[in-house]
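Please find below a note on the structure under review.

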Amino acid sequence: MKVKNQIILALDVEDKDEAYKILDQTTPYLNTIKIGYPITLALGPQIIQQIKDDYNVQIIADFKVADIDATNEKIVNTTLNWGADSIIVHGFTGDDSVLAAKNMAEKNNKEIFLLTEMSHPGADRFLKPVAEEIAQMGVDMGIKNYVAPATKTDRLAKIREIVGDEAFIISPGVGVQGGKIQDTLKYADAAIIGRSIYNSDNPQQTLEDLINMI
Ligand code: NUP
């Protein structure tokens with residue numbers, strides 16, 4: 001995946017006019033938008049293709065897919081059929097669930113991102129102890145794309161070490177959650193940024209400032 005300016009916008013707004021206002025201001029600098037449950041549940045899955053039709057962007061669906069294999073397969077297929085270019089899948093469910101998601105994405109000529117460890121403090125309790133194993137499972141399965149936290153640079157570095165230089169890592173947690181863009185991009189290929197851009201008084205200026213920091 002090629003991410004323009006190494007920044008992915010997390011478009012977690014629930015109003016279409018607001019979403020389009022932010023996209024108008026940011027898409028001159030960005031080609032990758034992450035949509036998740038907030039916008040999809042508020043506006044319906046049609047919003048994925050609408051955004052793709054109206055802006056020249058690729059869409060990552062952050063649905064953190066975490067079910068049994070048969071259900072993962074359906075979620076991945078339907079999401080990709082709604083127009084998403086890739087989908088984020090949890091790794092903690094194990095290799096059968098992840099493999100079903102991976103195979104279905106490949107059938108659609110698309111890709112999954114494997115979520116290893118999360119960026120929020122609560123993830124230290126259950127996810128951190130298994131994150132390195134999740135990353136290793138991804139490597140063993142031939143997965144190329146990963147999600148790892150910008151808020152915990154030591155953990156991000158460790159996951160980079162496991163998945164290797166050829167893997168593509170996207171990293172959430174820059175800005176409001178406390179991660180720093182320069183530190184994050186030492187180990188990740190792109191930073192996922194939401195609130196510090198879309199809640200800013202001037203999203204375009206904030207984005208320009210972030211790009212200048214890289
Ligand atoms: O570990 C994760 N942390 C995280 O924040 C995995 C994620 N997918 N996210 C998502 O990244 C989160 O749901 C939100 O869409 C985005 C970060 O947004 P913000 O904290 O920059 O507003």
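The numbered points that follow begin with the basis of the model.

1. The model is predicted, so local features need pLDDT of at least 70, side-chain atom pairs count only at pLDDT 80 or more, and totals for chains, interfaces and linings use all residues. Residues are numbered from 1 along each chain as its sequence is written, and side-chain values use heavy atoms, with hydrogens and water left out.

2. The ligand is surrounded by 14 residues, of which D12, K34, D62, S119 and R195 are the closest (a residue is near a molecule if one of its heavy atoms lies within 4 Å of it). By class, this shell holds six nonpolar, three polar and five charged residues, with Asp, Glu, Lys and Arg counted as charged and Gly among the polar ones. Strands β3 (58-65) and β8 (190-193) each supply at least two residues of the shell; strands are DSSP runs (E, at least two residues), numbered from the N terminus.

3. A polar side-chain atom of D12 lies 2.5 Å from an oxygen atom of the ligand. An N or O atom in the side chain of D62 is 2.7 Å from a nitrogen atom of the ligand, whereas R195 places a backbone N or O atom 2.8 Å from a ligand oxygen atom. Taken alone, the ligand exposes 480 Å², and the protein buries 89% of that (Shrake-Rupley method, 1.4 Å probe).

4. Q6, in the segment before β1 (7-10), has a positive phi near 55° although it is not glycine. K64, within strand β3, is likewise a non-glycine residue with a positive phi, of about 40°.

Terms used
A polar contact is a pair of N or O atoms within 3.5 Å; within protein, one must be able to donate a hydrogen and the other to accept it, and residues adjacent in sequence count only if both atoms are side-chain atoms. Helices (H or I, at least four residues) and strands (E, at least two) are DSSP runs, numbered from the N terminus.
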